[in-house]
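Please read them with the model open.

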Amino acid sequence: MRGIGILVALMLAAVSLSAHVGSADVFFEGDAGPYHLYVTVRVPQVIPGIAEIQVRSASNDVEKIEIVPMRLSGAGSNFPPTPDVTERSKQDPQFFTGSLWLMESGALKVRVSVEGSKGKGELAVPVPAFAQRTLPMERSLGGLLGFLMVFLAVGLVFIAGAAAREGNLEPGETPSPARARRARVVMAITAVIVLGIIYLGKAWWGAEASNYKRGVNFFKPPEAETQLENGNRLVIRAKGQDPEWSKRVDMGEVIPDHNHLMHLFLISTPGMERMWHLHPERGGEGAFAEDLPDMPAGHYEVFADIVDKDGFPWTLVGQIDLPQVHGKPMSGDDSNWIGGALMAQTADANVAPLADGYKIVWEKGSAPLVANTAMTFKFRLEDKDGNPAKDMEPYMGMAGHAEFVSSDMSVFAHIHPAGSASMAALELANGGPAVGAAAMGGTMGSMAMPAAEGALDPEVSFPYGFPKPGEYRIFVQVKRAGQIETGVFNARVQ
């Protein structure tokens, strides 16, 4: 019965799941040729399952949008099935919805094809698809299926007995005692066969359920095993929750994501009053290592982003208690922030002060923040006089980075101006690194990159949606005048 329940759940259930850590859906903003789109993929919680696709066009000249699921790379990545046509909203003609069956776990993509008054356009959104959990069967459905199974099994036994006892009798003839005895023997044999089939079926479904559960464990965030050496050198290794994880995910073959193999975030708890964004280098035997900067003693949550060779993003999760660290000065793309604890700050404040009187302003608006809603988070960099800053530069090839972290650490999402997908996966989805590099020059999302040596536009936005209600802290990171700045905002989500 448990196996039948899993089968029915696979066929009927379709709700959202986690993508980073505790963050359910995929958000993307970019250009499909001449059309600017905001795409949301509500990934199913079970695989196979139905993904809900939402596409909003920035203009009203789109006539038709088609969607199709494909593998991100390798076999099948260039041979799409027949696409599905999305449905245009009657209330909002720039909003389109559709659904797709995702039949396998792993690194997939949803190709979006657009037709309109400006011709055709196309883009692909990376989708990390995996089963998040198994779903139990409802008691009423389980009871109904159990009754039907017993009814059919008993009926089959009696049908076999009747056939042996009366199958070739003439009309009106009474079965002999010998026929009756033979019928009882046939019924007994049939009962044994039916019970054997039920037992084998239960064992088969049990094995399938076990394999499915192993698949759920395989895609859970791997553990970040950390070790502090020589007082300031942090060594990180990955350990999957399934024994097969380390065999299938080779830490020696991870691919660069905006120029770094790993993005390491250390966040102090419980107040989130300190955050470091570092970039460990590959060490030996699948390990990564980073010479830490000066850090105060404390308890830190560890989030380490990597992308495997197939384009699937992983976030290693762990904890570490650090002593006072006397380390090296930060350099390159490394950065940190130190400020007040989350609960000591005013929720939803829209101004974050920076050095030299600069500030980042969150163009939040007056509407409350609501969970499971796709939004665009817009931020503006201003100088000490309140004017738009003129010295904003690309930070790791884009206008900015943002980290959305819940107060209980159950949600961690590293977001870019193009959305929640990793840049490495976006490159694979849209034709390889050359296409990705071109996209980062100004066609993806809100990344207004400079054409020459001039400064960036002082505004940056991030497409995202909170996965659940609660208290969050948003870290917004930009670069100006050669320095990495971090603005921090608190958010209360309904």
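1. Burial comes up throughout, so the cut-offs go here: buried is under 20% relative accessible area, exposed is over 50%, and partly exposed is in between (1.4 Å probe, protein chains only). By that rule, Trp245 and Trp314 are both buried.

2. The model is predicted; local features need pLDDT of at least 70, side-chain atom pairs count only at pLDDT 80 or more, and totals for chains, interfaces and linings use all residues. Residues are numbered from 1 along each chain as its sequence is written, and side-chain values use heavy atoms, with hydrogens and water left out.

3. Aromatic pairs number 21 in the structure. Rings of Phe, Tyr and Trp (its six-membered ring) pair if their centres lie within 6.5 Å; planes under 30 degrees apart count as stacked, over 60 as edge-to-face and the rest as tilted. Trp245 and Trp314 make an edge-to-face pair, with 5.4 Å from centre to centre and 90° between the planes. Trp245 belongs to helix α4 (residues 245–248) and Trp314 to strand β17 (residues 313–322), so this pair ties together parts 69 residues apart in sequence. Helices (H or I, at least four residues) and strands (E, at least two) are DSSP runs, numbered from the N terminus.

4. The ring centres of Trp362 and Phe489 are 5.8 Å apart and the planes stand at 70°, so this pair is edge-to-face. It links distant parts of the chain, 127 residues apart: Trp362 is in strand β20 (residues 359–362) and Phe489 in strand β27 (residues 483–493). Trp362 and Phe489 are both buried, and both belong to one aromatic cluster whose members include Phe27, Phe377 and Tyr464.

5. Which charged residue sits over the ring of Trp362? The charged end of Lys364 does, 6.0 Å from the ring centre. The rule asks for NZ of Lys or CZ of Arg within 6 Å of the ring centre and within 35 degrees of the ring normal. Arg480 lies over the face of Tyr358, at 3.6 Å from the ring centre.

6. Salt bridges (a side-chain nitrogen of Lys or Arg within 4 Å of a carboxyl oxygen of Asp or Glu) come to 20. Arg42 and Asp25 form one of them, at 2.5 Å, N to O. Arg42 is in strand β2 (residues 35–42) and Asp25 in the loop between α1 (2–12) and β1 (26–32), so the bridge ties together parts 17 residues apart in sequence. Both residues, Arg42 and Asp25, are buried.

7. Arg480 also forms a salt bridge with Glu485 (3.3 Å, N to O). Arg480 and Glu485 are both buried. Salt bridges with shared partners join Asp356, Asp391, Arg480 and Glu485 into one network.
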